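Please open the model in your viewer and keep the sequence panel beside it.

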Amino acid sequence: MLEKLSELVNGSPPVVSRGRLVTTEIQVMVGRDEYCIKIEEGRIAGVEKGPFLMRPCSLTVRASAEAWGKFWQPYPPPGYQDIFAMTKRGEAEVSGDFRLLMQNLRYFKEVLEAPRKLAKEGRHA
Amino acid sequence: MPELEPIVGRYLRISVQGIPYRVYFEEAGSGIPLVCLHTAGSDGRQYRHLLTDPEITRSYRVLAFDLPWHGKSNPPAGFQDQEYRLTTQLYTDTIIAFCRAMELTKPVVMGGSMGGRIVLELALRHGDELGAVIGLEGADYQQPWYDTAWLHRPDVHGGEVCAALNSGNMAPHSPDESRWETLWGYMQSGPGIFKGDLYFYRVDSDFRDRVARIDTSRCPVYLLTGEYDFSCTPEDTLRTGKKIAGSKVTIMERLGHFPMSENPAQFRKYILPVLDEIAGRKRN
């Protein structure tokens, strides 16, 4: 699902605009699979699949493949509709630069939720 | 002809703990007073759909007021050097002051989120003055899930972060228009107000030791919680309901933490039977 992130985010001008002050690299762990997402002024400049050794990133979001699978459904089941719903129940973990996250919370949530659009359109990665 | 809604808004002068306030409220309908309490960091607009529902307003006089510091209820004189902090005592005193100043007889009090918490205290301490209480997304306690310090600091936009934190606490099925209207309330609250409300919610209102003393024969208690609420979870409400003998708990499908505003049509299915039951009890 994350492989399509560039298309999904960059194709949505309001989302890119909300992230205009964000230039960074974040790490998303889907089970043991590591993804490095490069963001430049709100645009997704690249998504690389690891493993990487000691690659620096500003934020890490981690959950099992099963949990992400529920999170990316168009209508997720209760407890999986929001990243903080998942952290509260111990299904996900967020770490790193919380100031960056909270300053741009809507943007980062929209980036993480973007793959839901694929499921809504019936397109699966 | 102007397309006017039946809602009328007015200002009421009250004094709470010796401090004068000018409180804004909206009302519609006639019959049993139904006082509606908004969630933390928002205002009474959350109840506009109840206020315009003829099924409700034909037997209820629905009133929704903005707590001081919220919506159109200004903060008190001298606010500029104060840190706003809601406590159980201040919240209780404000609601009771509103009800008494309006000369409401045995009002039913319904509150959402922190309003769903305070109604438990009202039932315990002021049960004889009330017709019933309805807690929406209410419980005697719940586990926190973020640090409230992020809600009020110069390097994070308060309105944006308050809305973004709440954005996922609604059901994915709720209509976009209603979800975003709900979040607009959060985007508009004054600096530090959501954080100050959460002082009550997080720090000053652990009611786990006292809810079992609520006497539902004096003041009936109804608790309704949405299945998508991860802040006050269905488990939190069910646990609370078990401790209050005679209370009635409903878990609402396809709703989250803001049932009255995130999906008014879905919420209606659950709240109408409760209001009918309360009205029936009053008639008998």
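**First stop: chain A**

Select chain A, whose secondary structure comes to seven helices and five strands; here helices (H or I, at least four residues) and strands (E, at least two) are DSSP runs, numbered from the N terminus. This is a predicted model, in which local features need pLDDT of at least 70 and side-chain atom pairs count only at pLDDT 80 or more, while totals for chains, interfaces and linings use all residues. Residues are numbered from 1 along each chain as its sequence is written, and chains are lettered from A and ligands numbered from 1 in the order in which they are written.

Read along the sequence, chain A follows the pattern α-α-β-β-β-β-α-α-β-α-α-α. Its C-alpha atoms fill a box of roughly 30 × 30 × 25 Å along the principal axes.

**Second stop: strands of chain A**

Now select residues 24-30 and 33-40 of chain A, strands S1 and S2, which run antiparallel and are joined by seven bridges; two strands pair if DSSP finds at least two bridges between them. Within this pair, A:Ile26 has A:Ile37 of S2(A) as its bridge partner. Two residues lie between the strands of the hairpin, where A:Gly31 takes a positive phi near 60 degrees.

The bridge partner of A:Met29 in S4(A) is A:Arg62.

Then move to A:Pro51, in the loop between strand S3 (43-49) and S4 of chain A. The peptide bond from A:Gly50 to A:Pro51 is cis, with omega near 10 degrees. Most residues other than glycine have a negative phi, and most peptide bonds are trans.

Which residues have the most contacts inside the largest nonpolar core? They are B:Cys36, B:Val62, B:Val109, B:Ala123 and B:Val133, in a core of 112 residues; such a core is a set of buried Ala, Val, Leu, Ile, Met, Phe, Trp, Tyr and Cys residues joined through C-beta atoms within 7 Å. Helix H4 (residues 114-126) of chain B gives the largest share of this core, seven residues.

Select B:Gln17, in the loop between strand S1 (8-16) and strand S2 (19-28) of chain B. Its phi is near 50 degrees, a positive value in a residue other than glycine, and B:Gln17 is exposed, with 10 other C-beta atoms within 10 Å.

Go on to B:Lys106, in the loop between helix H3 (88-101) and strand S5 (108-112) of chain B. The phi of B:Lys106 is also positive, near 45 degrees, and this residue counts as partly exposed because it has 14 C-beta neighbours inside 10 Å.

Methods
Buried ≥ 20, exposed ≤ 12 C-beta atoms within 10 Å, placed from the backbone.
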